[in-house]
Amino acid sequence: MTTNFTIEYGGIYWINCDPSFGHEFQGKRPGVVIESDQQIKKSSLVTIMLITSNVERKLKDDVLVKYSETNQLRADSVLKVYDIHSFDKRRLLKRIGSLENDYLHQIRDYLPTHFRLGKGSD
């Protein structure tokens with residue numbers, strides 16, 4: 001089974017997170033694709049950061065995303081940078097919108113910390 005829409009870097013999609021276990025996100029959630037378009041073509045998996053509208057639970061490195069016509073989120077939301085997942089592409093249900101470049105830059109700035117990349121990470 002394939003999706004009937006294009007999956008691309010920076011796109012925001014509804015993700016089916018069920019079945020889930022423990023503290024994993026449950027149900028249908030928005031998520032942003034953080035994998036390059038070149039890598040997306042190589043696998044049936046796609047790397048996602050999940051988004052929540054619960055702005056009160058924002059952690060230090062999480063990214064506050066303001067609603068816009070471009071991202072089409074239902075409200076101001078939080079990009080959970082600690083929740084990086086690879087999902088089968090079939091879990092992507094529908095495209096919502098696109099994440100603005102400013103937020104994508106914040107993700108790129110965060111990723112070296114998450115994966116211990118760069119200077120002083122030894």
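# Exercises on a predicted chain

Asn54 has a relative accessible area of 29% and is therefore partly exposed (buried means under 20% relative accessible area, exposed over 50% and partly exposed in between, with a 1.4 Å probe and protein chains only). The model is predicted, so that local features need pLDDT of at least 70 and side-chain atom pairs count only at pLDDT 80 or more, while totals for chains, interfaces and linings use all residues. Residues are numbered from 1 along each chain as its sequence is written, and side-chain values use heavy atoms, with hydrogens and water left out.

## Exercise 1: Architecture

*Step 1.* Across the chain of 122 residues, 40% count as buried.

## Exercise 2: Salt bridges

Determine how many salt bridges the chain has, and state where the two residues of the pair Glu8 and Arg95 lie in the chain.

*Step 1.* The total is five salt bridges (a side-chain nitrogen of Lys or Arg within 4 Å of a carboxyl oxygen of Asp or Glu).

*Step 2.* One of them joins the side chains of Glu8 and Arg95, at an N to O distance of 3.3 Å. This pair connects distant parts of the chain, since Glu8 belongs to the segment before strand 1 (11–16) and Arg95 to strand 6 (residues 92–98), 87 residues apart.

*Step 3.* Glu8 has a relative accessibility of 31% and so counts as partly exposed. Arg95, at 26%, likewise counts as partly exposed.

*Step 4.* Asp61 and Lys60 form a salt bridge at 3.5 Å, N to O. Asp61 is partly exposed because its relative accessibility is 26%, whereas Lys60, at 73%, counts as exposed.

*Step 5.* In the salt bridge of Asp88 with Arg90, the closest N and O atoms are 2.9 Å apart. Asp88 is partly exposed because its relative accessibility is 21%.

## Exercise 3: Aromatic pairs

Classify the ring pair of Phe5 and Tyr13 and that of Tyr82 and Tyr110.

*Step 1.* The chain has two aromatic pairs (rings of Phe, Tyr and Trp, the last by its six-membered ring, with centres within 6.5 Å; planes under 30 degrees apart are stacked, over 60 edge-to-face and the rest tilted).

*Step 2.* The ring centres of Phe5 and Tyr13 are 5.7 Å apart and the planes stand at 25°, so this pair is stacked. Phe5 is buried because its relative accessible area is 18%, and Tyr13 is buried at 0% relative accessibility.

*Step 3.* For Tyr82 and Tyr110, the centres are 5.9 Å apart and the planes stand at 80°, so this pair is edge-to-face. Because Tyr82 lies in strand 5 (residues 77–88) and Tyr110 in helix 2 (residues 101–114), the pair ties together parts that are 28 residues apart in sequence.

*Step 4.* Tyr82 is partly exposed because its relative accessible area is 35%, whereas Tyr110, at 8% relative accessibility, is buried.

How values were computed:
Helices (H or I, at least four residues) and strands (E, at least two) are DSSP runs, numbered from the N terminus.
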